[in-house]
Amino acid sequence: MKTLIASILTLCLCACAACAWAQEGSDPPEEASGLDIFYPGMSRADAQEKGAVAAGESQMKAKVDWDGTSWNVVLILKDDNVAIVSLATKLTSNAMVYGMLQAMEERLAVPLTITRKVKGEKKQQQLYEMKSKGKSDDELNEVMVQALGDYADQDGGSISILYCPLDMRTRMAELFKAGNEDENALAKEYGDSMIYTMRISQSNDVITVMVASLETLSVLGQE
């Protein structure tokens with residue numbers, strides 16, 4: 001499981017870099033949530049109708065307005081359908097982070113892992129492991145809040161939080177407790193589940209959100 005999680009975080013870093021150059025495109029559409037405009041599974045044609053433009057054979061770029069902020073969007077396509085959606089923008093207030101947490105709550109997505117980098121050191125918290133040892137869902141939310149607070153107080157670095165469906169985290173805790181970390185079996189059971197990764201970096205004050213199905217991330221992580 002840790003191998004899969006590491007692959008997801010690596011993909012998120014690549015998405016951050018891609019969003020950095022996605023500066024041009026048509027006027028951003030205005031909708032309630034930036035996570036609802038472009039989504040995994042939509043066709044290339046549907047993405048074009050929403051304002052995305054080609055950026056190579058397997059990528060498209062766009063802009064969206066979300067909570068009064070313009071976000072750069074990169075779409076990674078596979079078989080002419082969107083496989084990964086990445087949004088990035090300058091982090092100008094704590095309210096933006098709060099809004100993202102609300103968006104995760106609305107999607108019934110809960111924190112799975114938290115990775116903080118500070119002064120070259122990586123600190124990772126596996127919340128499914130904590131769940132397996134008896135921590136409640138409320139206590140795990142408190143762990144996330146504390147990690148965000150610690151990140152705000154640190155000098156430089158970044159924080160990445162992986163979100164998944166609640167039942168998936170519970171299942172991972174059960175498998176971990178039983179000593180079974182079969183990533184292939186998990187990907188088969190929850191392949192259609194959406195995995196969200198939120199990353200904030202102090203080096204450039206950018207917040208990035210990546211979304212893709214667990215099946216997509218599992219396949220890409222093995223390539």
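This is a predicted model: local features need pLDDT of at least 70, side-chain atom pairs count only at pLDDT 80 or more; totals for chains, interfaces and linings use all residues.

Colleague: How many helices and strands in the protein chain?
Modeller: Eight helices and nine strands. Both are DSSP runs numbered from the N terminus: helices are H or I with at least four residues, strands are E with at least two.

Colleague: What order do the strands take in the sheet?
Modeller: The order is β1-β2-β3-β4-β9-β8-β7-β5-β6, in an open sheet with antiparallel pairing. Two strands count as paired if DSSP finds at least two bridges between them. The edge strands, each pairing on one side only, are β1 (53–54) and β6 (121–126).

Colleague: What packs on the sheet?
Modeller: Helix α3 (residues 94–106) does. It touches β2 (59–66), β3 (69–78), β4 (81–90), β5 (109–118), β7, β8 and β9 (206–213). Its direction makes about 170° with that of β8. Axes are lines fitted to C-alpha atoms, for helices over the stretch in contact, and angles run from 0 to 180 degrees between N-to-C directions.

Colleague: Which strands does α6 lie across?
Modeller: Helix α6 (residues 166–177) lies across β5, β7 and β8. It runs at about 95° to β7.

Colleague: How many bridges join β7 to β8?
Modeller: Six, between residues 158–165 of β7 and 194–201 of β8, running antiparallel. Leu-162 has Thr-197 in β8 as its bridge partner.

Colleague: Now β3. How many bridges join β2 to β3?
Modeller: Eight, and the two strands run antiparallel. Lys-63 has Asn-72 in β3 as its bridge partner. The hairpin of β2 and β3 has two residues between the strands, and Asp-67 there takes a positive phi near 55°.

Colleague: And over how many bridges do β3 and β4 pair?
Modeller: Seven, again in the antiparallel sense. Val-74 has Ser-86 in β4 as its bridge partner. In the hairpin of β3 and β4, with two residues between the strands, Asp-79 takes a positive phi near 55°.

Colleague: Why is β3 largely enclosed by the rest of the structure?
Modeller: Because seven of its ten residues are buried. Buried means under 20% relative accessible area, exposed over 50%, partly exposed in between, with a 1.4 Å probe and protein chains only. In the protein chain, buried residues make up 49% of the 223 residues.

Colleague: How many residues does the largest nonpolar core have?
Modeller: 41, and those with the most contacts inside it are Phe-38, Trp-71, Leu-75 and Met-198. A nonpolar core is a set of buried Ala, Val, Leu, Ile, Met, Phe, Trp, Tyr and Cys residues joined through side-chain atoms within 4.5 Å. Helix α5 (residues 137–153) gives the most to this core, with six residues. Another core lies apart from it, with 16 residues, including Leu-112 and Met-168.

Colleague: What does Phe-38 touch?
Modeller: Not counting residues up to four places away in sequence, its contacts include Ala-47, Val-64, Leu-75 and Val-85.

Colleague: Switching to charges. How many salt bridges?
Modeller: Six. The rule is a side-chain nitrogen of Lys or Arg within 4 Å of a carboxyl oxygen of Asp or Glu. One of them joins Arg-44 and Asp-80, at 2.6 Å, N to O. Arg-44 is in helix α2 (residues 44–49) and Asp-80 in the loop between β3 and β4, 36 residues apart.

Colleague: Is Asp-80 buried or partly exposed?
Modeller: Partly exposed, with a relative accessible area of 44%.

Colleague: What about α6 and α7?
Modeller: Arg-171 and Glu-189 meet in a salt bridge at 3.4 Å, N to O. Arg-171 lies in helix α6 and Glu-189 in helix α7 (residues 183–189), so the pair ties together parts 18 residues apart in sequence.

Colleague: Which residues do salt bridges join into one network?
Modeller: Lys-131, Asp-137 and Arg-169, through shared partners. For Asp-137 and Lys-131, the closest N and O atoms are 3.0 Å apart.

Note on methods:
Residues are numbered from 1 along each chain as its sequence is written. Side-chain values use heavy atoms; hydrogens and water are left out. Contact means heavy atoms within 4.5 Å.
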